[in-house]
Amino acid sequence: MNEKNININGEITPPDKKNIFFKSVVGFLRKNWIGFTLLAALFAIIFILEQVLSSSSMLFVVLKKGAIYALVAVSMNLLNGFTGLFSLGQAGFMLIGAYTYAIFTIPAEARTAVYQYFDGGIINFTVPVPIALIMAGLAAALFAYLVGLPVLRLKSDYLAIATLGFAEIIRAFFQWDKLGPVTNGSNLLRRFPVFSSTLYPFIVSGICIAIIVLLINSSYGRAFKAIRDDEVAAEAMGINLARHKQLSFTVSSFFAGVGGALLAMYQTTVQAAAFKSAMTYEILLIVVIGGIGSVTGSCLSSFLFIASSEWWLRFLDSETYIGSFKLPLLASGFRKVVFSIIIMVVVLFYSRGIMGTNEISVDALLRFFRKLFRKDSKGEAA
Amino acid sequence: MEFLNTNLPYILAGISVGGQYALIAIGYTMVYGILRLINFAHGDIFMVAGFAMVYLSASLPLYISIPMTIIITVVLGFAVERMAYRPLRTAPRMSIMISAIGVSYLLQNCAWYITSGLAKQYPTIPWISESISIGTATTKIVTVITPVLTLVLVIALVILIKYTKIGMAMRAMAKDFETSRLMGVKINSVISFTFIIGSFLAAIGSLLYFTNYATVTPIAGAMPGLKAFVAAVFGGIGSIPGAVIGAFIIGICENVIKMFGWTTFSDAFTFALLIIILVAKPTGLFGEKSTDKV
Amino acid sequence: MKRAITIILTLCMVIMMLSGCGGGNAGNVIKIGVYEPSSGDNGAGGKQEVLGIEYANSVLNSVEIGGKKYELKLEIVDNESSNDKGPSAAAKLVSAKCSIVLGSYGSGVSIAASDVFGNAGIPVIGVSCTNPQVTEGNTHYFRICYLDPFQGTVLANFAVDEFKAKKAYILTKLGDDYSVGLGNYFKVAFESLGGTVVEETFQEGNSDFTAYLTTAVNEKADVIFAPTSTEAASLIIGQAVSQGIKIPFLAGDTWDSSVILDAAKGSDSKIFVSTFFDEGDDSAAGSKFVTDFKKWLNDNPEKLKNNGGNDIVAAVSALGYDAYMVAVKAIEAAGSPDPKKINEVLWGVTYSGVTGDIAFDDIGDAIRDVAYIKSANNSDGSWNFVAIQSVK
């Protein structure tokens, strides 16, 4: 306790911190009221679209999956972009979240069918969906805390490879036969409650991302950034490295777990085999495209990423004829080639991604458009 | 003796796969030693070598297709460094690692596109694909050749690094990148040379590996690549003998694990080993202790 | 300049988004979705199943409903043999407004996408997904092949009858419902016949099977039962040959593929598979299908390549053909392209196909009681017919 008060920069004691946190919330809301109005408008538009368009439209597929990936990407960004911890364990924590959610929400009457090789499993109760979502996060966070104890002492690439290794170990563990009565071995988990409205993932992800943003804007967030920019200097300034890294890692994993649970709901089935390191790489690429260190960038790029891979570039996969002329190159898998070339171009030539470390805010948008039109009119004049 | 007789096949398989991991691991460890870069694409270069052989041997005789495969692999390794890593030389380490992941993604997707996602049968290379009996076990000749060939190549490599000018330059760069640049080492050509050696060994490794496990898929390189990397870390990244010993240990361990019936965990065990070594001795078995300079 | 590019790109995206919203059933076309793998583990088999469907479509590509002629169009997607890629491929079929869907090869992907089709109210006819979970507990998934409990029992009986097997080594792939399920049913049946089993599993991406095969030898197994994808199968056979393993292999319908024949050719391995259909079928419908299908394959080099470069008729192609014909029957019976109506009438549809008579029971499974056992002929790379086996 004492130690805290003697810190050179007079680190604030807990009650003050809470107060400031609260104030910052109010200030944040007041400052960004236009933004919130826009957000509300966005939700309204999605709601209306859902009433108007047929529910099978690819648009909703993209929106749902995009919202989920946005949450996961932001949670990864909190680690990689804001704290400078290069972790590649995201898929593992998503797996824990997805499984926790599925295990505790499969209705009792469906268990015999789902756990058909394990006599209906050993868990015979269900919890309500919101609680299961939080449990998914907590399970992932708890595990992250335990993993973090040894692993977070490692530096950059060693940390990356160790977290990647942990994700693989988790995957093997969940497929273990002996755990079958809980995890259904390596078989699919299904029949748990899922969402049908596109608004659902938007609201859950929205709340989670808002909490992450608040964290980033708090004194903790500033400490994270200090660690990212220079560990030694941050330590000299009295930031407890181990504690802050641990916090960032645990919080990030909490939201990855929630994201995993949402992904399970979206896919309607869960299987450990799907949470490969390729999934982590995909999320990492989303973060990079959006800009490492930009929350809005991550959100934007996850929608772009999902839309391109699931929808817009799909036409590249099917053989197309214009008249009797067969377009060359188009065949199954071409979409992914084009896609990975785009990614390489972004990585090599636009290494700051779409947003760099900037955020989209209402002010910035206004400024952007003003500048744009001024420049255009100048161009016309000349 | 009875125990050895029944379990000899596991150990033979372990030694053989260990030798193949070793050939890949050297590529990782050399690149890491000089550039401090985990070349995630290395496993995929190994995979491309497999496909190159599949397609070349379909129309060309083996004595042409094998050298061609090696040349293609080497050119690919060189090109990857040139196009994906060199532009980022001054960028933060995280970006260059992400670029490596991007290259890996690209190579896998290209392979997927070209093969339309189907597994390809690897051509049979005469003599080394034949079966021989060792004690109670029957196996392919390649199983026996792999460790021998690996050791020969490693000794040649160590001699190269110890006694040639370019080897000296490599050692200098591994010690201190900036100073060796100041001393007039042509860093770009040395780095290219490192990638060439790494890809060459990966091509040899792929010939041996796929002769044993005769199916090539677009993701065939991912797991061996990752395991070879673990081997490199285990032995102390940057150290060539370390990588080789690490690879043999991992190859044998994963087969012994299967011997005990823990098949679900044979991959997980490799990573558990990695984490234990990272936490207990981050520099690996033979790694040099380095201090971070502020 | 950069800004101009940004604007152009944004415009492109908006246009793409708008164009993506359009589409649907234009004119007198009924779309039949094909949800099959053409890449990944099961790519080779999935392609052969699609060939059967495409051939059926070339035989019969229109249907008359209420005096109006509708063109039947196939909408083919690739589920990449992967449970996580499957649902989005299925979503594409749903958004293309298919009236009925056929597929898939592989039970896992079928289960994974089941809800996507179910929520959209589109009926699906499973072609060769043999796991019971596919049709259980829903009303939209049907299937025309036999089930794994049946297949497992048949193979267990065969193992005991043919090889007097006392001990079986079962090798399955983790996370593959087909493999794990069939392995489990074989185990249950084999144990009830008085045998013992040793079970092991392998991870996705594993290519080193020597350790597994050594275990089988050390355990002195009489048969090796390996219900795996063809990709793993060719590795297993290759490594068994080089290790000089003489234990006979038993496997399910997936191994009925020319991939297996290629891997075993010239060796002395003994391979037995159970399957849905035999090329040498001498029934009128069966032999006509085989001749015509071979002709069609040989006329289209591209299709022949998809069949693995030869004109051996895979059982899944025959099943694909039958599934398509059942779908057409259902569309005719429903008298409408409306998926809900088709779903309702499907329960009562009966059809005499090349793989036998098809009628659905109250779970949605075809009532079938025979399986064909074939063995690989290692000298000329073809299948030898062994027996028609049914459960005692």
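Modeller: A residue counts as buried if 20 or more other C-beta atoms lie within 10 Å of its own, and as exposed if 12 or fewer do. The model is predicted.

Biologist: Is E80(C) buried or exposed?

Modeller: E80(C) sits in the loop between strand 3 (68–78) and helix 3 (86–95) of chain C. Its phi is positive, about 55 degrees, although E80(C) is not a glycine. The cut-off for burial is 20 or more other C-beta atoms within 10 Å. E80(C) has 24 of them, so it is buried.

Biologist: And which class does R36(B) fall into?

Modeller: R36(B) belongs to the loop between helix 1 (2–35) and helix 2 (42–59) of chain B. This residue, other than glycine, also has a positive phi, near 55 degrees. A count between the limits of 12 and 20 gives the middle class. R36(B) has 16 other C-beta atoms within 10 Å, so it is partly exposed.

Biologist: Which peptide bond is cis?

Modeller: Look at the loop between strand 4 (100–102) and helix 4 (107–120) of chain C, where S104(C) is found. Omega is near 10 degrees for the cis bond, which runs from G103(C) to S104(C).

Biologist: What radius of gyration does chain C have, and how does it compare with the globule rule?

Modeller: Chain C holds 13 helices and 15 strands. For its 392 residues the globule rule gives 21 Å, and the computed value is close to that, so chain C is as compact as a globular protein of that length. Buried residues make up 61% of the chain. The radius of gyration is 22 Å.

Biologist: Which helix of chain B gives the largest share of the side that touches chain A?

Modeller: The contact takes 34 residues from chain B and 35 residues from chain A. Helix 4 (93–115), helix 9 (222–235) and helix 11 (266–280) of chain B each supply at least two residues of the chain B side. By class, that side has 25 nonpolar, seven polar and two charged residues. The largest share, 14 residues, comes from helix 4 of chain B.

Biologist: Which residues of chain A does L274(B) touch?

Modeller: L274(B) is among the residues that touch the most other members of the largest nonpolar core, which has 342 residues. Leaving out residues up to four places away in sequence, L274(B) touches V230(B), V233(B) and F234(B) in chain B.

Methods: Residues are numbered from 1 along each chain as its sequence is written. Chains are lettered from A and ligands numbered from 1 in the order in which they are written. This is a predicted model: local features need pLDDT of at least 70, side-chain atom pairs count only at pLDDT 80 or more; totals for chains, interfaces and linings use all residues. Two residues are in contact if their C-beta atoms, placed from the backbone, lie within 7 Å. Helices (H or I, at least four residues) and strands (E, at least two) are DSSP runs, numbered from the N terminus. Ala, Val, Leu, Ile, Met, Phe, Trp, Tyr, Cys and Pro count as nonpolar, Asp, Glu, Lys and Arg as charged, and the others, Gly among them, as polar. A nonpolar core is a set of buried Ala, Val, Leu, Ile, Met, Phe, Trp, Tyr and Cys residues joined through C-beta atoms within 7 Å. The radius of gyration is taken over C-alpha atoms; the globule rule is 2.2 Å times the number of residues to the power 0.38.
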